[in-house]
Each structure stands twice: as C-alpha cells, then as structure tokens.
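Visitor: I would like to go through this model with you, one question at a time, before I look at it on my own.

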Amino acid sequence: MATDYDAPRRDKEEAPGADSIEALAKSRSDQSGSVDVDEAEVAENFELPGADLGDEELSVKVLPMQNDEFRCSSCFLVHHRSQYAKEKNGQPVCKDCV
C-alpha cells in the first residue's frame, strides 16, 4: 500500500476514518468566522478618481523636453526619438500609435 507523506499524521489510538463528514463540516464552520470591518475606516483611505487635489504639491521635478525627444501628436506623450514612427499631417507619431 502506498504511503501519503503529505497527509497529516494521526495517533495510533485514533482509528482511521474517525473524522466524520459532520465533524469536518462543524470544524469548517467554526473556522469561517467573519472579520469585523469598519466601512467608514476603509472609505477614508480610498480615494475616488477625479478627487479634488488642489492642495497637493508637485513632488516630481519636471524637465523640459530634450533635443532627442518628441511629442506624439496622437497620444501627446513625450517619447525618445527611437520611438518615432512617421509623420501624419506634418506632426510626429510614435510607434505605439501607428
């Protein structure tokens, strides 16, 4: 007979199959207690999109566009010149927007 080494070990006094379905169901229901969550406390830390951030200060140093960069006329992001794909109506377009 094969031995399952991952199975929990039992005492020799305990008969195999001693755990009945009812006992397993009772132990499972005892373990599934509910967690008290204060919804107001959770909501305080959650920030909605479009929230008023007028009192926030910019914490990132903004650099002007460099000589080897361009602004895509489609997505309006600044890319390195290696991302340049083509011109559309005389305006540069990046590889992502092609």
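The conversation below concerns a predicted model and takes up strand pairing, backbone angles, a surface patch and the cysteines.

Visitor: In what sense do strand S3 and strand S4 pair, and over how many bridges?

Guide: Strand S3 covers residues 84–88 and strand S4 covers residues 91–94. The two strands pair in the antiparallel sense, and the number of bridges over which they do so is four.

Visitor: Which residue in S4 is the bridge partner of Glu87?

Guide: Glu87 has its bridge partner in S4, the strand that pairs with S3 in the antiparallel sense. That partner is Pro92.

Visitor: What is the phi of Asn89 in the hairpin of S3 and S4?

Guide: The hairpin has two residues between its strands, and Asn89 lies in this loop between S3 and S4. Most residues other than glycine have a negative phi. Asn89 is not a glycine, yet its phi is positive, at about 55 degrees.

Visitor: Is Asn89 buried or exposed?

Guide: The cut-off for this class is a relative accessible area over 50%. Because Asn89 has a relative accessibility of 76%, it counts as exposed.

Visitor: Where is Phe76 found, and is it buried or exposed?

Guide: Phe76 is found in the loop between S1 and strand S2 (78–80), and its phi is near 60 degrees, a positive value in a residue other than glycine. Its relative accessibility is 60%, so Phe76 counts as exposed.

Visitor: Which residues form a nonpolar patch on the surface with Val60, and what is the accessible area together?

Guide: Val60 has its place in the loop between helix H2 (39–44) and strand S1 (69–71), and at 56% relative accessibility it counts as exposed. The residues that form the patch with Val60 are Leu58 and Val62, and the accessible area of the three together is about 340 Å².

Visitor: How far from Cys97 is the nearest cysteine sulfur, and how many disulfides does the count come to?

Guide: Cys97 is in no disulfide, as the nearest cysteine sulfur, that of Cys94, is 3.5 Å away. Cys97 is partly exposed, with a relative accessible area of 29%, and Cys75 also counts as partly exposed, at 28% relative accessibility. With the cut-off of 2.5 Å, the count of disulfides comes to zero.

Key:
Residues are numbered from 1 along each chain as its sequence is written. This is a predicted model: local features need pLDDT of at least 70, side-chain atom pairs count only at pLDDT 80 or more; totals for chains, interfaces and linings use all residues. Side-chain values use heavy atoms; hydrogens and water are left out. Two strands pair if DSSP finds at least two bridges between them. Patches are made of residues with over 30% relative accessible area and no salt bridge: like charges are joined within 9 Å, nonpolar side chains (Val, Leu, Ile, Met, Phe, Trp, Tyr) within 5 Å. Accessible areas come from the Shrake-Rupley method with a 1.4 Å probe; for residues, only the protein chains shown count as cover. A salt bridge is a side-chain nitrogen of Lys or Arg within 4 Å of a carboxyl oxygen of Asp or Glu. Buried means under 20% relative accessible area, exposed over 50%, partly exposed in between (1.4 Å probe, protein chains only).
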